[in-house]
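We will go stop by stop: select, look, move on.

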Amino acid sequence: MDDGLLLAGGLVVDGTGAPGRMADVLVHDGLVRAIGPGLAGPGVARPGRVRDVAGLVVAPGFVDIHTHSDLTLLSDPRGLSKVHQGVTTEVVGNCGLGVAPLPEGADRAAIRRAVSYLDLDPGVDWGWRDFPGYLAALAGGGPGVNVGALVGHLVLHAAVCGFADRAAGRDELDRMSGLLRDALDAGAVGLSTGLAYAPLPYARPEELVALATVTARAGKVFTWHVRNYEDGLLDSVRQAVGVARATGCRTQISHLCAVGRRNWGAVNRALELVDAANAEGLSVGVDIYPYLHGNAPLAQLLPAWAQEGSTDAWTARLRDPAVRAAVREEWRDRPTTWDDISIAWTPGARPGSADERIGRTVGQLARARGVSADEVALDLLAELGTGVLMTAGGRSEDDLLAVLAHPAAVVASDGLSLDPGGVTGAGMPHPRSYGCFPRYLGRYAGDLPDAIRRCTSAPAARVGLTDRGVLRPGAPADIVVFDPARIRDTATFEAPHRFADGIDLVLVNGVVTVDRGRHTGARAGRVLRS
Ligand SMILES: [Zn+2]
């Protein structure tokens, strides 16, 4: 038992999309106990503490269903960059890039290199073998935010089939399906794929259908980093919708955007495909972060054939002049330029001792060296493999606005929990890891209750976490209190490691975790199983 907290006199926006109302919110023992006017008045059970939140918005904590904090929450469980922006729940394991299960026979070192996008702290010990073991590691760290985890398709595929471009056999499909079923039974909230990340470009349609069938039977979600967000966007969305139709699986198209000027506007046609699928009775959603740049391994720009084999194998091949010439040939018609691509991270980056390539575009590096940008990119990939991360532009704000306005769209960061003072505070990561939700609310939100719904109950429903994202009596007290006039992001591409402004108070399971912009040290998050 604690002695409770009363948030008095705020504008309560409950996450359902209902209009805000002036009310007090009583929190006790981790739960919302009552919402209504006059709870602070005489004759009412008095809470131990009263916090005057007049002039502020009281909302459910943000539910960030698209994150990559799988390992950074083991590096620093506080989840600083997220909880400081009002996030109280993260869903890790997106884009196919999970870290479990790692069954007998899996090449753990090769898998770890293949997901280096997540793996910013070499000190994290991958001690687990199965999905319950990974969830136990997360829980044992004492996370500062609630965490749900998807099963990453990359781990399943690489553990069973390795890294070669070939179809999985019947036995291998059965083995992947069994591993997935076990993980879903252990509480994984769903499955993710990332068809741009080797070896997933080699997964055949029957593999996606088999895994979606297992996921649908469990009543869980299948999230898709689709095959291509450039010229192939519409075919890629059609593929995801086709698997949803074949299996009935609840489906989420991750970070819907169109990259390259010649593809601008394609998101509207992608959204029409989503509308048509939902009109048929399927459940297809989309999410997006409010920025015009993405962030991914530079290797994502390589054609699939050039990434076959383990990272060691393909980086060695990239030193072969004939292979380089063949990649350059494929790059002749890319929809973005090398000045749209900057280096965000290289392995070994540490706060204060950054690689001088970080923060510069591939085009700038090429001009400084007097060689072609293609050669600079190939050299980086041959040297650093999946470890070199890029920030990539080439998107339109009209497209972003179209996605944000769509009824099926929710806001999700695609970022990581980072610690500006620790190992993960290095490099030039995407500022969404610090600013996604405040940026959306400060800059892109129209109707506030609807905007908050898109950050809370709507994303929670997509991943089946139905007790999160709504303020109501009996619900866990995950709460953000913010100043609607001041909320904004301060993290930029040039200075990304900055917390957001305007967040007054964050409660995770009823425990004050951020108070007037300062972290209290509390770690009251839980591992959420569905
Ligand atoms: Zn992705």
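Select arginine 238. At 44% relative accessibility, arginine 238 counts as partly exposed. The cut-offs are these: buried is under 20% relative accessible area, exposed is over 50%, and partly exposed is in between, with a 1.4 Å probe and protein chains only. This is a predicted model, where local features need pLDDT of at least 70, side-chain atom pairs count only at pLDDT 80 or more, and totals for chains, interfaces and linings use all residues. Residues are numbered from 1 along each chain as its sequence is written, and side-chain values use heavy atoms, with hydrogens and water left out.

Aspartate 235 is exposed, at 56% relative accessibility. Its side chain meets that of arginine 238 in a salt bridge, 2.8 Å from N to O. A salt bridge here is a side-chain nitrogen of Lys or Arg within 4 Å of a carboxyl oxygen of Asp or Glu. Side chains of opposite charge can pair when their charged atoms come close. Both residues lie in helix H8 (residues 233–247), three residues apart, about one turn of the helix. Helices (H or I, at least four residues) and strands (E, at least two) are DSSP runs, numbered from the N terminus.

Next, select arginine 170 and aspartate 174. These side chains form a salt bridge too, at 3.3 Å, N to O. Both sit in helix H6 (residues 170–185), four residues apart, about one turn of the helix. Arginine 170 is exposed, at 57%. Aspartate 174 is partly exposed, at 42%.

Move to glutamate 329 and arginine 332. Their salt bridge spans 3.6 Å, N to O. Glutamate 329 is partly exposed, with a relative accessible area of 48%. Arginine 332 is exposed, at 67%. How many salt bridges does a search of the whole structure find? The count is 32.

Now show helices H11 (residues 321–330) and H13 (residues 373–384). They pack at an angle of about 125 degrees, with axes 11 Å apart. Axes are lines fitted to C-alpha atoms, for helices over the stretch in contact, and angles run from 0 to 180 degrees between N-to-C directions. H11 and H13 are therefore oblique to each other. Angles under 35 degrees count as roughly parallel, over 145 as roughly antiparallel, 65 to 115 as roughly perpendicular and the rest as oblique. On the H11 side, pick Arg324, Val327 and Arg328; on the H13 side, pick Asp374, Glu375, Leu378 and Asp379. These residues make the contact, meaning heavy atoms within 4.5 Å.

Next come helices H5 (residues 153–161) and H7 (residues 205–217). Here the angle is about 120 degrees and the axes are 13 Å apart. That makes H5 oblique to H7. Select His153, Leu156 and His157 in H5, which meet Glu207, Leu208 and Leu211 in H7.

Last stop: valine 99. Find it in the loop between strand E7 (87–92) and helix H3 (108–114). Is valine 99 buried or exposed? At 1% relative accessibility, valine 99 counts as buried. Leaving aside neighbours within four places in sequence, its contacts include Trp126, Trp128 and Val155.
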